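This report goes through a single protein model by topic. Please keep the sequence and the coordinates at hand while reading.

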Amino acid sequence: MRKIKFFFPVLMLIFIASCTQMQQVGFRSYETEFSKNLDKQTQEKKLYRDFETIAIAKVTYFNSALANQYYNYLKQHNAVSSSNEKLYESFVNECSKNTVFWVNLYSSDYESSNISSKNSFWNIYLDCNGEKIQPLKIEKVSKDSPLNVWLYLKPKNYWSNNYIVEFNKSCLNNSIDFNMASIVGSLDFKF
C-alpha cells in the first residue's frame with residue numbers, strides 16, 4: 001500500500017513535466033489568443049430557488065477587439081464562407097458601434113427563457129453609475145446560425161437559447177455591469 005501512495009504522486013509529477021516538455025519540443029498548444037480573451041470576457045451564473053435551478057446564463061461581452069479576433073480566427077480556419085461573410089462583418093461592425101453581449105440562457109421554464117419577447121420574464125439592463133440603460137435590441141439567434149460557431153470553443157447547454165443584446169455606447173465606464181433581473185432573483189455580470 002505504501003508503494004502505491006508513493007507511486008501515484010511520482011507518476012503525476014512525471015506526467016506534468018512531460019506535458020510542458022512536449023510544448024518545448026514543438027507540440028502545438030491549442031489555446032489561442034482568441035480563446036484566452038474569450039474566457040476572460042465570458043462569465044456564467046446560476047440562479048437557484050428551493051433547491052431547483054431556475055436559470056443558467058453564460059454572458060460574453062464582445063468588445064470590438066474580441067469581435068475582430070473572433071472574425072479573424074474564423075477566417076484563419078476557413079470557417080467563413082462567402083455567403084456568410086456579410087453576416088460576420090455586420091456582427092463585428094455592431095460590436096464596434098455598440099456595447100454587445102452574447103447571452104446563452106437556460107431556464108427550466110420555457111416561457112421565462114425567451115428574453116427577446118416584449119413581455120419577457122427578465123428585465124435586462126446595464127448599470128452605468130446607478131443609471132439603468134435599456135437595450136437597443138435583443139435578437140434571438142437561431143440554432144443553425146453561423147454566428148454560433150464560436151460556441152464550439154465553450155461547453156454547451158443544448159437546451160439553452162442564444163441572444164445578441166445590444167446597448168448604446170453611452171456608458172463610458174471602465175467596468176461594465178450587465179444585469180438580468182426577475183421576480184425570482186437577479187444575475188449580475190461585471191466586465
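In what order do the strands of the open sheet of four strands lie? The order is β5-β4-β8-β9, and the pairing is antiparallel.

## Basis of the description

This is a predicted model, in which local features need pLDDT of at least 70 and side-chain atom pairs count only at pLDDT 80 or more, while totals for chains, interfaces and linings use all residues. Residues are numbered from 1 along each chain as its sequence is written, and side-chain values use heavy atoms, with hydrogens and water left out.

Helices (H or I, at least four residues) and strands (E, at least two) are DSSP runs, numbered from the N terminus. Two strands pair if DSSP finds at least two bridges between them. Buried means under 20% relative accessible area, exposed over 50%, and partly exposed in between (1.4 Å probe, protein chains only).

## The four-stranded sheet

In the sheet β5-β4-β8-β9, the edge strands are β5 and β9 (185-190), each of which pairs on one side only. The twist averages 30 degrees from one strand to the next; axes here are lines fitted to C-alpha atoms, for helices over the stretch in contact, and angles run from 0 to 180 degrees between N-to-C directions.

β4 and strand β8 (residues 177-182) run antiparallel and are joined by five bridges. Tyr125 stands opposite Asn179 in β8. The ring of Tyr125 also has the charged end of Lys132 over it, 4.8 Å from the ring centre. A charge sits over a ring if NZ of Lys or CZ of Arg is within 6 Å of the ring centre and within 35 degrees of the ring normal. The charged end of Lys45 is likewise placed over the ring of Phe189, at 5.7 Å from its centre.

Strand β1 (residues 42-49) pairs with strand β2 (residues 52-62) in the antiparallel sense, over eight bridges. Tyr48 stands opposite Thr53 in β2. The two strands form a hairpin with two residues between them, and Asp50 in the turn has a positive phi of about 50 degrees.

Most residues other than glycine have a negative phi. Asn78, not a glycine, has a positive phi of about 55 degrees; Asn78 is in the loop between α3 (64-76) and α4 (85-97) and counts as exposed at 70% relative accessibility. Asn129 also has a positive phi of about 55 degrees without being a glycine. Its place is the loop between β4 (123-128) and β5 (131-133), and Asn129 is exposed, with a relative accessible area of 65%.

## Aromatic pairs

Rings of Phe, Tyr and Trp (its six-membered ring) pair if their centres lie within 6.5 Å; planes under 30 degrees apart count as stacked, over 60 as edge-to-face and the rest as tilted. By this rule the count comes to 15 aromatic pairs. One of them is the edge-to-face pair of Tyr70 and Tyr88, 6.0 Å centre to centre with 70 degrees between the planes. Tyr70 lies in helix α3 and Tyr88 in helix α4, so the pair ties together parts that are 18 residues apart in sequence. Tyr70 is buried, at a relative accessible area of 1%, and Tyr88 is buried at 1% relative accessibility.

The ring centres of Phe101 and Phe191 are 5.8 Å apart and the planes stand at 45 degrees, so this pair is tilted. The pair links distant parts of the chain, with Phe101 in strand β3 and Phe191 in the segment after β9, 90 residues apart. Phe101 is buried, with a relative accessible area of 0%, and Phe191 is buried at 17%.

Ring pairs also link Phe34, Phe62, Tyr70, Tyr71, Tyr73, Tyr88 and Phe91 into a cluster. Phe34 belongs to helix α2 (residues 33-40) and is buried at 4% relative accessibility. Phe34 and Asn68 are 34 residues apart in sequence and 9.4 Å apart in space, C-alpha to C-alpha.

## Ser107

Ser107 lies in strand β3 (residues 99-107) and counts as buried at 8% relative accessibility. Its side chain reaches the backbone oxygen of Ile54 at 3.1 Å. Leaving aside neighbours within four places in sequence, Ser107 is in contact (heavy atoms within 4.5 Å) with Ile54, Ala55, Ser112 and Ser113.

Notes: Polar contact = N/O pair within 3.5 Å; in protein donor to acceptor, adjacent residues only side chain to side chain.
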